[in-house]
Amino acid sequence: MKKAFGPLLVIVAIMFACAPVLIARAPYESTMGLVQKIFYFHVPSWFAMFTAIAVCGGASLVFLFTNRPAADRLAAAAAEVAVLFGLMGLVTGPLWGRKAWGVWWVWDAKLTIALLLELTFIAYLLVRKYGGPGSDKLAAAVGIFGLAVTPFVYEAVNIWRTIHPKTTVVPKLPATMGVPFWFCVAAYMALLALLLTMRVELAKREATLDALYLAEED
Amino acid sequence: MALLRSLLFALLLQPPTPPGEFVPVNELPSADQLPAAPLLVAAYAFVWIAAMFYLWTIWRRLNKVETEMRALEARRGSAR
């Protein structure tokens with residue numbers, strides 16, 4: 001797994017360096033103009049967060065049923081990465097909204113439920129850090145809860161009346177906007193893979209260190 | 001005279017008349033328009049900085065664990 005760091009890091013760096021060129025060449029959206037280009041890294045950051053949540057929720061389920069430490073380590077790593085991508089979405093969104101809507105934040109259904117999802121995974125990390133014995137199982141339950149909430153975050157714009165653009169925007173993108181958008185999605189997924197690989201490796205080494213300390217005590 | 005003075009005073013204190021109709025954002029005077037470029041640059045810069053910062057924290061934690069492991073193994077080696 002450690003061998004994958006270097007190539008992945010190079011791929012991510014190249015993709016993130018190329019992304020601004022593709023975004024700059026993409027045409028302007030007719031009503032919002034230049035600020036709409038935030039879309040190319042706002043939406044992919046949510047896609048990456050949802051993927052990290054799927055990994056966390058899936059690994060949490062495996063951990064609850066099989067008690068495998070590797071699944072627990074993967075879930076913890078994915079939760080931390082999910083918080084990072086959620087933070088990216090929650091910061092880039094208001095920067096776009098300030099120009100497009102005239103306000104930084106609106107307490108409408110989509111934005112509020114997205115914030116709650118971010119808080120759920122911050123809670124996951126806090127439970128793991130300060131929960132004491134048994135907190136791994138409790139955190140796994142929080143991870144599964146987060147996974148269950150995620151479809152509502154995605155579908156919020158179709159369920160409730162909000163000012164946020166609908167989910168139909170992405171499938172209807174013209175090729176000139178679609179190519180840079182899907183390139184950015186791929187870049188975010190590569191970044192997710194890199195961070196997850198590194199974070200899992202860290203968790204593995206921490207577990208080895210704990211085992212060494214326990215062996216020394218015995 | 002006093003009545004005239006108070007009338008003049010009241011007239012001066014009147015708030016400016018608000019615009020009567022909707023003005024599209026792109027027709028506002030340039031001083032009132034919010035530039036998009038700084039927001040776009042801030043968003044992209046935040047993504048880069050957040051990713052770099054997180055990578056750095058993982059790197060730092062990995063080094064810390066490695067150092068602790070080496071110290072522990074050295075201690076065990078000297079104990080034997």
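Buried area is the accessible area (1.4 Å probe) that two parts lose on being put together, summed over both. Between chain A and chain B that area is about 3,200 Å², and carbon and sulfur atoms give 80% of it. The model is predicted: local features need pLDDT of at least 70, side-chain atom pairs count only at pLDDT 80 or more, and totals for chains, interfaces and linings use all residues. Residues are numbered from 1 along each chain as its sequence is written, and side-chain values use heavy atoms, with hydrogens and water left out.

**Interface between chains A and B**

- Contact (heavy atoms within 4.5 Å) links 37 residues of chain A with 27 residues of chain B.
- K99(A), M198(A) and R205(A) supply 18% of the area that chain A buries against chain B, more than any other three residues.
- Two salt bridges (a side-chain nitrogen of Lys or Arg within 4 Å of a carboxyl oxygen of Asp or Glu) are counted between chain A and chain B.
- R61(B) forms a salt bridge with E80(A), where the closest N and O atoms are 2.8 Å apart.
- On the side of chain A that touches chain B, the elements giving two or more residues are α1, α3 and α6 of chain A.
- The largest share of that side, 16 residues, comes from α6(A).

**Nonpolar core**

- A nonpolar core is a set of buried Ala, Val, Leu, Ile, Met, Phe, Trp, Tyr and Cys residues joined through side-chain atoms within 4.5 Å.
- The largest one has 80 residues, of which Y40(A), F41(A), F85(A), M88(A) and F181(A) touch the most other members.
- Elements that give two or more residues to this core include α2 (39-66) of chain A and α2 (37-79) of chain B.
- α6(A) gives the most to this core, with 17 residues.
- F41(A) touches residues of both chains, among them I23(A), Y188(A), L40(B) and Y44(B), not counting residues up to four places away in sequence.

**Helix α3(A)**

- Helices are DSSP runs (H or I, at least four residues), numbered from the N terminus.
- α3(A) covers residues 69-100; at 1.5 Å a residue its 32 residues should span 46 Å, and its end C-alpha atoms are 46 Å apart, which agrees.
- Buried means under 20% relative accessible area (1.4 Å probe, protein chains only).
- In α3(A), 23 of the 32 residues are buried, so this helix is largely enclosed by the rest of the structure.
- Just after α3(A), G102(A) takes a positive phi of about 90°.

**T120(A)**

- T120(A) sits in helix α4 of chain A.
- T120(A) is buried, with a relative accessible area of 13%.
- T120(A) touches V142(A), F145(A) and G146(A), not counting residues up to four places away in sequence.

Note on methods
Chains lettered and ligands numbered in written order. Expected span 1.5 Å × (residues − 1). Buried < 20%, exposed > 50% of the residue type's maximum accessible area, 1.4 Å probe, protein only.
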